[in-house]
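Work through the exercises below with the structure in view. Each task is followed by a solution in steps.

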Amino acid sequence: MTHDRVTYDLVVVGGGPAGVAGALTAALAGLRVALVDTGTRLGGQYFRHAAEPKPAPGLARFLRQGRALAARADVLLGHQVWNVSREPDGGLTVHCLTRRPAGERAVELRARRLLIATGAHDRPLPFPGWDLPGVLTAGGAQALLKGGGVLAGRRVVVSGTGPFLLPAAAGLAAAGARVLGVYEANGGLGLARHPLLALGKAGEAAGYTATLARHRVPYLTRRAVIAAHGEREVEAVTLARLDRDWNVLSSRVVACDTVAVGYGFVPQIELGTQLGCRTRADVDGSPVIDVDAAQRTSVPGVWAAGEPAGVGGWRLAELEGRIAGRAIAADHRADHRADQRADHHTGHPADPPPVFARRRERWRAFGAALQRAYPVKPGWQGWLRDDTLVCRCEEVPLARVREAQAMGATDARAVKLLARPGMGWCQGRICGYAVSCLAGEPPQEPRRPVAQPVTLGALASLTHPQTPATPQDPGDDPAH
Amino acid sequence: MSDVIVVGAGVVGAACAYYAARAGLDVTVIDRGPVAGGTTGSGEGNVLVSDKEPGPELELAVLSNRLWRELAGLGGFEFEPKGGLVVAETEEVRRQLTELAVKQDVEHTPVDGPALRDYEPHLAGGFAGGVFYPQDAQVQPMLAAATLLRRGADSFGHGTLRLRLGVRVTGFIRSGERVTGVRTSHGDVLGDAVVNAAGTWGGEVAALAGVELPILPRRGFILVTEPLREPLIRHKVYTAAYVTNVASDSAGLETSAVVEGTPAGTVLIGASRERVGFDRTTSVPVLARLAEQAVALFPALREVRAIRSYCGFRPYCPDHLPVIGADPRLPGLYHACGHEGAGIGLAPVTGHLLAQVLTGQRPDLDLHPFRPDRFAKEAS
């Protein structure tokens, strides 16, 4: 284990648009900043890119910010944060892991302030056969492409709900995959009717639509993949026509070898819940971190920006990151003012400039409109059979969930305790939403004190006296 | 109208309901949450005789061990009679362990240092020896509780056992000096006897009835690893320090690794003890110490990943003994709570003895050490 004796003015978790904008804003204001991200490059899900990036909306601007940040802050890539704890002295410890050929190493960062910019992950829904190789999330398929992977020559069906299906399908088609269709489970008209579409997404959407048209990819609404078939991998899917509540009206089988599905996003808020940040229900009922006008959470010294504070896309994320960065810098200045009043922490946070605040309101309204236009409807539960796996990690079929409910599991946590969905490797990130729906309750706050798997050796090393070293030091030993 | 109302659908409440139904009583079980939503759902599933000092709790444990083996025949939950191996770091500790085992008078086998690997091939070297307790076992407590409730409802006549979940007890109904039911968030429930099986929250339920029960939460963390392909650990394995920690009165942090595999392939690592109220905040130093102690027992765990951790609150009484039996201060009120870390293991015997009391039989064991009013007398 290594421990940097430095206490950062700010540690940012997440190297997507929110994290990079927040870190850069604070670093430009003179704060000592570290940004931690799991990936090998900055970008997060949206701006994930290959070593030689292809042009994409907003990417050039993001890369410029990333370069500016690298010159002014410690950017720690390949670091997974598994826990953030409050220390008795009031500071925060950000517990990270970094994997080296020699093994896994624990890294602890000390921080006066934390910005949670951990983004969101895809929200899949279970259906018969979704555990077959060849079934991916839309985001997963896109990540393969953006990271430099190739899917050329495959026959792909894209299904789910939400405008994110468009860039995923366009990316696959442009990479040479034969995209048989984009099947949107909702009506798809809700978004077009929304006046906020004029805000700028329209151009982006038109670009994707043009790509899809060029590759002759049909975009069909009120349709979804409700089953995948195959012996060892996907060979075909059942495509269904749906009513408004997603009940099946009719279906047909289509041969394909890849299915990309996405039913919206799950904000990653577990670092916030570890620290006790208050949450609120987002438009679709999912818990997100509650923040004030300055992106400050209910826990002193902790801010959140981007999807963890409410799903809204990369533009909103970047804006929230900048607002948080400014508020953090103001907090830092207040801490250092010689004539500061002792009660500055309870004072009103630095409000964002009106131009930021207005733009944030517009993008938030847009994000909310998207979520309302592309909800998850209950009919999907009718796609499941008794033997359909709800939890792939623990191989829990629907029948076992229903049995647990019959035995007195009246909420999702009790279903987990009796039938084990969500107890495996992903800790319910994949199946948690579905299990909540099946249990008849809105998704609950995640309880994940160990947010990422950590070897017992690395964990045990934290009991040893702390050895000073810089986190970037490439030559130090693994756990000692 | 029920003969008995059981407050609490954890494993102890489930066992009380099961044995009461088996004894022919009509039972209603009430819980503010789901089945096994409290401490039952956050334990390891220990069914231990090895960690009990000779005395009344050990007597409970020995009888309960036999009852668990009977209940396992019901099916529906995992019960693994795997045995427990207590290991000693030094020759002196090994001698003390062996002496304790003789005094306990339960089935055991002294194990010398080299023979430890016959029991646990992956155990670290350097231990002086230990004692093997074949009766120690492991149960999946959540499914066990749910199964007992279901069997209690199915096996002894229709309608004998009713389950009211998501219903919060808000007060007691009295007729004269007697308890005749409970008030709940969903209306009054009448019954001739009320059993307080609310575990760590047993003191709160007792307070609703106007009697005092000094039950405090004693927090524990458990680490869970990724599923292993090959079982690494065959028994419940722990160091001698566990026995002394269990019996300790300290409010401060104590950790002593209890390591075992589960049928799901994961390894469970307990056990920490600290009295910090109902604080769920994860303590990284506690997790680090548990990991260190587990790796010290099984070095192969060093490269194994912990994928989650959870915490729970043991119902702790000042003398470490549970509260079982009729409350002489309030006729009609019975208690079955305060089992600290032994609630899973002692659930069947608790239900069995209480059913005997409720049906007017002489209980198989003397309940005097577990009487609910013992704390008040000590205080005066």
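**Exercise 1.** State which residue forms a salt bridge with B:Glu340, and how far apart the closest N and O atoms are.

Solution. A salt bridge is a side-chain nitrogen of Lys or Arg within 4 Å of a carboxyl oxygen of Asp or Glu. The partner of B:Glu340 is B:Arg273, and their closest N and O atoms are 3.6 Å apart.

The model is predicted: local features need pLDDT of at least 70, side-chain atom pairs count only at pLDDT 80 or more, and totals for chains, interfaces and linings use all residues. Residues are numbered from 1 along each chain as its sequence is written, and side-chain values use heavy atoms, without hydrogens and water.

**Exercise 2.** Describe the interface between domain 1 and domain 3 of chain B.

Solution. Step one: find the domains, whose bounds come from an automatic or database domain assignment. Domain 1 of chain B covers 2-74 + 141-215 + 319-379, and domain 3 covers 216-316.

Step two: count the residues in contact (heavy atoms within 4.5 Å). Domain 1 of chain B gives 21 residues and domain 3 of chain B gives 26.

Step three: take the buried area, which is the accessible area (1.4 Å probe) that two parts lose on being put together, summed over both. For these two domains of chain B the value is about 1800 Å², with 55% on carbon and sulfur atoms. B:Glu44, B:His320 and B:Glu340 supply 35% of the area that domain 1 of chain B buries there, more than any other three residues.

Step four: count the salt bridges between domain 1 and domain 3 of chain B; there are two.

Technical notes. Chains lettered and ligands numbered in written order.
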